[in-house]
Amino acid sequence: MGIERILASSERDFVAKSVDYIEECIAKHQSQGRSTNFVLGLSASNGRVRRARQADVWSTLAGRTSIDWSRVCVFLVDERYGWHCEEESNSFLIRDTLIKNLNRRSAGFPESNLILPSTGLDSALACAEDYQSRLCDMLEKEHGPHLVTIGLGSDGHIASVFPEWYKAVPERWSTATQKTRGVLVTETSEFEVRTRICVNLRVIREASNILVTLQEGSEEAWTNVKRSFDEERFGEKRFAKRAKVVEPTGVVVSTDGFLMVHAKGRKPKPAPKPPDSPLHYVLRYSNISAMQLSLDKETHYSFVVMGAAGDLAKKKTFPSLFQLHLGRLLPGSMKIIGVDDPKFHTDVTSVSDFWEKRLREYLEKQKGWVNEDVESFKQRLHFVHVQLDQPETMSALDRRLQELAEGRAKEHRVFYLALPPFLFAQAVEHLRERCWSKTGWNRVVVEKPFGKNGAEAAALSNSLKKYLDEKEIFRMDHYLAKTLVLNLLTLRFANRELGHLFHCHHVANVRITFKEAIGVQGRAGYFDGYGIIRDIMQNHLMQVLTLVAMEAPATLEAEDVRDEKVKVLKQIRPIAPRDCVIGQYDGYQADPDIQKINLKQGYASRCPTFAVAVLYLDNERWSGVPFIMKAGKGLEVHQTIVRIQFKKAPPSSLFGEQPQNELVIRIQPNEAIYYKMLAKMPGLTQQARDVEQTVLDLDLKKRFELRRTPEAYEKLIHDVIQGESHNFVRRDELEQAWRIFDPLLTTLEKEEKREPERYTLGSRGPLKADMLIDRMGFRRYTVTGVPGFAEDDFD
Ligand SMILES: NC(=O)C1=CN([C@@H]2O[C@H](COP(=O)(O)OP(=O)(O)OC[C@H]3O[C@@H](n4cnc5c(N)ncnc54)[C@H](OP(=O)(O)O)[C@@H]3O)[C@@H](O)[C@H]2O)C=CC1
Ligand SMILES: O=C1O[C@H](COP(=O)(O)O)[C@@H](O)[C@H](O)[C@H]1O
């Protein structure tokens, strides 16, 4: 009886050490040439963070090839009963991780060796009885369990034996500790699923090995179990005497961070009353290995959000940080510090204001968390006031960050500027002078807009350059982290044959289209100063175009990818004003913010909420192929699509007049790649008329069984912390993008003062835009392959 304690220094280490432990137990059993199967009892955890950790352990375990999986039986230590969402059950988690991965690599695990409760049965009792009979037969036959994994809860519970449940009714404790193996129906008010199916403590304590994971929040429960256990075994005096050199449980610290057990002692006396944790009871009979995630004592991370009380921070930055927290993707020792100026946001004066008035609404909208997840996220959060016109407040921020680092040797800092661009330079100057870590790296994230034209962007870059090295600047364009934008290089260069189709030999035109159904509500003030060309085309769509058109980079390293992007950008001609149509939706002028602007400037806003522009690349690959960019707000749908329309076969070719093939990459919503191509319809004849356009379809959600695709902001924030800069915009990319758009913007705004075409809110945009697209040679084929044109069916 005793405890071996295993300390893991990071999430990755936790998973590796847990899997190593389980693998070792199984390998030892199997190498002894026993005739019985190894019986592994698994329990899941509550809360998204812990379940994600569990899922990682089980998926990784499935990859261990030293295990003979045909000789392993797996059962569930506990399950939620009456949970109507199947995906949240523990059985689903096992199937979705361990079993799925074992099957994927044909590891020979027999389905009959998986024993799970049937929660579809009519009552919890019937479920428990049924499970007990199947489980106990297996345990009897295999002389198991050989290993049981359990977590310790903050209330001291293990598996689904909750102190509140057995303390409420005295007989329940004897049921939980009955002399024969059994399955219980228990209850908890702690978690969203109250009724539980759980093996009794006899099953757990009979296991040859028990692995207890001590998760966030269970430290106190763990200390209490140890204390009362030691008092029972050694008495208080012995406890005090031994405490100096050896932990009271008999645990000796070894230099590699593992704690080894040398517990010896008397026979335990039966507990007079139910203990505060069932773990106490199990400990009296079993050897236990306790796995604990300990915080990194060397390195501290601060993620500082400047402008934390603003719109971007609450809508994008903090929800993404929360998701990363839920996915265990933030370093354990990372603190998140919201920083704002009390002059601008007088309602936020403390961290609790910040939580209540800014974050709560947006974070609680996210799915799949439980209170523990929110509480552990809150532990990371701090709020500090800084006034950029009072630099000493920046020094106070520095002192606060040092305090939070608690004397760790290395301190890394991310400064995320969720600020208007006119404040970037001032903020960076003060940060660099007063708030720069001297013991670790510093990174600054800036958000678009990067100026209103090339000259402004260059001035901004120059002022940042005064204080920062280019590798310390992370210019964010969130389109670069959308799942299918990230996929573009893979699609083109991993599929070599497909890559060859991206060439003027085959392509008639390329369309890159962004449509938003909403207008500029709430952002009119900002938007009117920029317009759709600067807001969407010059950055987001230009980045997409670059990835569609560029040559293969030498490697996937950041600088190689960005070098190649700059190369193709340099080959793009500035847009000719005749190749552009702009529009504004009806009702834009009625926005109260726009009316104020109109009054001030003395004329009705000419800001485009819609634009189509045609770009040409002067290089071997793309010569003569029009790239048609379209972006609009207040349109008929919300979607972003890249459509590569291939050349038409000659009229007298084998199959006559046929629609053009298209490769479509739907970036959002519902990420998909589909290829509209020709096929012969089933039937006896084989004529040109039997050919029809059909679709080869890759729906990413269905194909990869994705339950949730990460938000682009999550990916980019994670990249910043990792120091991965390939999805951020380099200064020269930005300069090139402005070179392409600057002449067009000058002509539209200063020379022609062009009035935008009006279009109905919720329509496809102005007719003139379709006429331009038609002139560029794009032909629309309906789903059945019939050509169509806007004039015929304009809505
Ligand atoms: N995996 C999947 O999920 C798949 C889904 N589909 C769905 O099937 C439907 C048809 O797909 P698809 O054939 O690719 O796309 P559409 O027929 O919807 O659009 C094809 C092209 O025609 C243009 N267009 C549409 N309406 C008009 C119009 N009235 N006048 C002029 N041009 C027009 C569009 O341009 P513009 O962008 O300017 O409107 C677009 O570029 C879509 O809803 C698509 O999502 C199809 C295949 C696979
Ligand atoms: O950067 C911007 O992007 C959003 C659209 O982003 P998405 O990820 O929802 O496609 C747009 O609404 C906004 O005007 C623009 O500034």
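Which backbone nitrogen lies 3.4 Å from a polar atom of the side chain of His325? It is the backbone nitrogen of Phe377.

Some ground rules first. This is a predicted model, in which local features need pLDDT of at least 70 and side-chain atom pairs count only at pLDDT 80 or more, while totals for chains, interfaces and linings use all residues. Residues are numbered from 1 along each chain as its sequence is written, chains are lettered from A and ligands numbered from 1 in the order in which they are written, and side-chain values use heavy atoms, with hydrogens and water left out.

**Around His325**

His325 belongs to helix H10 (residues 311–326); helices here are DSSP runs of H or I with at least four residues, strands are E runs of at least two, and both are numbered from the N terminus. With a relative accessible area of 7%, His325 is buried (under 20% relative accessible area; exposed is over 50%, partly exposed in between, with a 1.4 Å probe and protein chains only). Its side chain also makes a polar contact with the side chain of Ser376, at 3.0 Å. A polar contact is a pair of N or O atoms within 3.5 Å; within protein, one must be able to donate a hydrogen and the other to accept it, and residues adjacent in sequence count only if both atoms are side-chain atoms. Leaving out residues up to four places away in sequence, His325 touches Val49, Leu330, Asp373, Ser376, Phe377 and Arg380 (contact means heavy atoms within 4.5 Å).

**Helix H23**

Helix H23 (residues 712–722) is largely enclosed by the rest of the structure because 8 of its 11 residues are buried. Among them are Tyr713, Glu714 and Asp719. After H23 comes Gly723, with a positive phi near 80°.

**Ligand 1**

Ligand 1 is surrounded by 16 residues, and the closest are Lys515, Lys630, Lys676, Asp697 and Arg764 (a residue is near if one of its heavy atoms lies within 4 Å).

| Side chain | Ligand 1 atom | Distance |
|---|---|---|
| Arg643 | oxygen | 3.0 Å |
| Tyr674 | oxygen | 2.8 Å |
| Asp697 | nitrogen | 2.5 Å |

The protein covers 76% of the 880 Å² of accessible area that ligand 1 has on its own, using the Shrake-Rupley method with a 1.4 Å probe. Strands S19 (507–515), S25 (672–680) and S26 (691–699) and helix H26 (790–793) each give two or more residues to the shell.
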